[in-house]
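Open the model in your viewer and keep the selection tool at hand. The stops below go from the whole fold to single residues.

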Amino acid sequence: MKYIKTLLLSLLVCNCAFASYTFDHWKQDYAKRASKRGLPKKFVLKTLKDIELDPEVIEKDKNQVIMSSDVDYKEFIQRWLRESPSRIEKGRAVLKENLKLLTKIEKKYGVEKEAIVALWGTETFYGEITGDYNLVRSLATLAFEGRRRKFFEKQLNATLRLVKNGHVTVEDLKGSWAGATGQCQFMPSNIYAYARDYNGDGKKDIWNTKADIFASIAYFLKKVGWKKGKSIGSLAFNTKNVKLTPEKYRTKAQYTKLGFRDENGNKISSGNWRARMFAPIPLKNSPVVLRGSNYRALLRWNNSSLFAAFNIILMKGIKS
């Protein structure tokens with residue numbers, strides 16, 4: 001009994017101490033940790049001075065929406081593609097508008113211009129939807145919340161370095177609630193690893209400068225193993241609903257015999273490949289992705305078969 005009372009008292013003391021640990025306390029502690037990573041404590045505290053906790057970000061982090069298998073694939077894709085103009089129509093237009101620049105970047109990095117445009121369109125509807133959350137506020141909130149403190153402090157460190165080094169202002173640093181930013185939606189730590197200063201002005205500007213945005217997308221894909229001339233894959237419907245092991249390699253003839261058909265109901269014949277594994281998409285009535293040589297590289301950007309499907313659809317539509 002004495003042990004239990006002591007334990008309860010300890011828990012009560014701990015809870016009281018935690019409750020009294022404010023966001024301002026965290027700022028002071030974080031500034032000390034950041035100073036050991038090369039960020040001046042005075043600069044950090046000045047930048048964070050007027051930053052307040054964002055309850056909406058905490059709520060989103062605790063209640064992340066998982067894609068439901070009850071959602072119908074075709075209806076979902078139609079909403080995602082949009083209308084007037086659709087993602088495909090707009091993709092064709094921006095490809096034409098930026099053809100000269102995209103051709104140069106394709107030649108430099110060995111990544112097709114259609115792949116660059118497709119990723120741009122998938123992430124931010126060609127720069128129109130980049131997120132309006134204050135990035136410093138979001139990352140500071142998530143770091144303070146503590147569920148993934150180490151990760152989000154790393155992202156906040158990278159963000160503050162971008163500000164300190166003049167790549168972007170705090171006012172321009174907008175993004176998703178979880179910290180992705182720019183027209184290509186990089187996490188801040190990836191900006192240092194993959195963002196490019198293609199126009200040579202001394203800034204890696206993935207927020208406003210198309211040359212840097214396109215080059216950054218291309219450089220990322222190149223570094224993770226993208227092979228020019230190879231495909232992400234193709235979409236195929238399992239018309240007989242046969243149960244298969246995704247990891248097993250199969251030929252086109254085998255897939256066709258099993259009842260797989262392309263989006264137009266035809267036999268599986270497209271694509272330069274001999275055998276592929278498939279990846280299921282977590283939506284009702286969805287096709288599978290017959291994985292191409294660039295499937296694994298694309299998933300280094302976003303580990304989702306649905307994300308792969310988005311880019312397959314856009315690349316095919318933009319090229320046609």
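Start with the whole chain in cartoon view. The secondary structure comes to 15 helices and 6 strands. This is a predicted model. Along its principal axes, the C-alpha trace spans about 70 × 60 × 35 Å. Of the 320 residues, 47% are buried.

**Stop 1: salt bridges**

The structure holds 9 salt bridges.

Select Asp 24 and Lys 27. Their side chains meet in a salt bridge, 3.9 Å from N to O. Lys 27 is buried, at 6%.

Now select Glu 153 and Arg 33. This salt bridge is 2.6 Å, N to O. The pair links distant parts of the chain: Glu 153 is in helix H10 and Arg 33 in helix H2, 120 residues apart. Glu 153 is buried, with a relative accessible area of 8%. Arg 33 counts as partly exposed at 26%. Arg 33, Arg 149 and Glu 153 are linked in a network of salt bridges.

Next, pick Glu 106 and Lys 228. Their closest N and O atoms are 3.0 Å apart, in another salt bridge. Glu 106 lies in helix H7 (residues 99–109), while Lys 228 lies in the loop between helix H12 (210–223) and S3, so the pair ties together parts that are 122 residues apart in sequence. Glu 106 is buried at 11% relative accessibility. Lys 228 is partly exposed at 47%.

**Stop 2: a charged patch**

Switch to a surface view. Select Lys 36, Arg 37, Lys 150 and Lys 154, which form a positive surface patch. Lys 154 belongs to helix H10 (residues 149–164).

**Stop 3: polar contacts**

Go to Asp 61 in helix H4 (residues 55–62). Asp 61 is buried, with a relative accessible area of 5%. Its side chain makes a polar contact of 2.7 Å with the side chain of Arg 147.

Then find Ser 234 in strand S3 (residues 233–238). Ser 234 is buried as well, at 15% relative accessibility. A 3.1 Å polar contact joins its side chain to that of Arg 276.

**Stop 4: backbone exceptions**

Most residues other than glycine have a negative phi, and most peptide bonds are trans.

Where does Pro 85 sit? Look in the loop between helix H5 (73–81) and helix H6 (87–97).

Move to Tyr 126, in the loop between helix H8 (113–124) and strand S1 (133–134).

Gln 185 is in the loop between strand S2 (174–175) and helix H11 (188–194). Gln 185 is buried, at 15% relative accessible area.

**Last stop: Gly 179**

Gly 179 is also in the loop between S2 and H11. At 0% relative accessibility, Gly 179 counts as buried. Finish by drawing a C-alpha to C-alpha distance to Ser 305. Gly 179 and Ser 305 are 22 Å apart in space and 126 residues apart in sequence.

Conventions
Residues numbered from 1 in each chain as written. Predicted model: local features only at pLDDT ≥ 70, side-chain atom pairs only at ≥ 80, totals over all residues. Heavy atoms only, no water. Patch = residues over 30% accessible without salt bridge, like charges linked within 9 Å, V, L, I, M, F, W, Y side chains within 5 Å. Areas by Shrake-Rupley, 256 points an atom, 1.4 Å probe, with all protein chains shown as cover. Salt bridge = Lys/Arg side-chain N within 4 Å of Asp/Glu carboxyl O. Lys, Arg positive; Asp, Glu negative; His and termini not counted. Charge placed at Lys NZ, Arg CZ, Asp CG, Glu CD. Helix = DSSP H or I, 4+ residues; strand = E, 2+ residues; numbered from the N terminus. Buried < 20%, exposed > 50% of the residue type's maximum accessible area, 1.4 Å probe, protein only. Polar contact = N/O pair within 3.5 Å; in protein donor to acceptor, adjacent residues only side chain to side chain.
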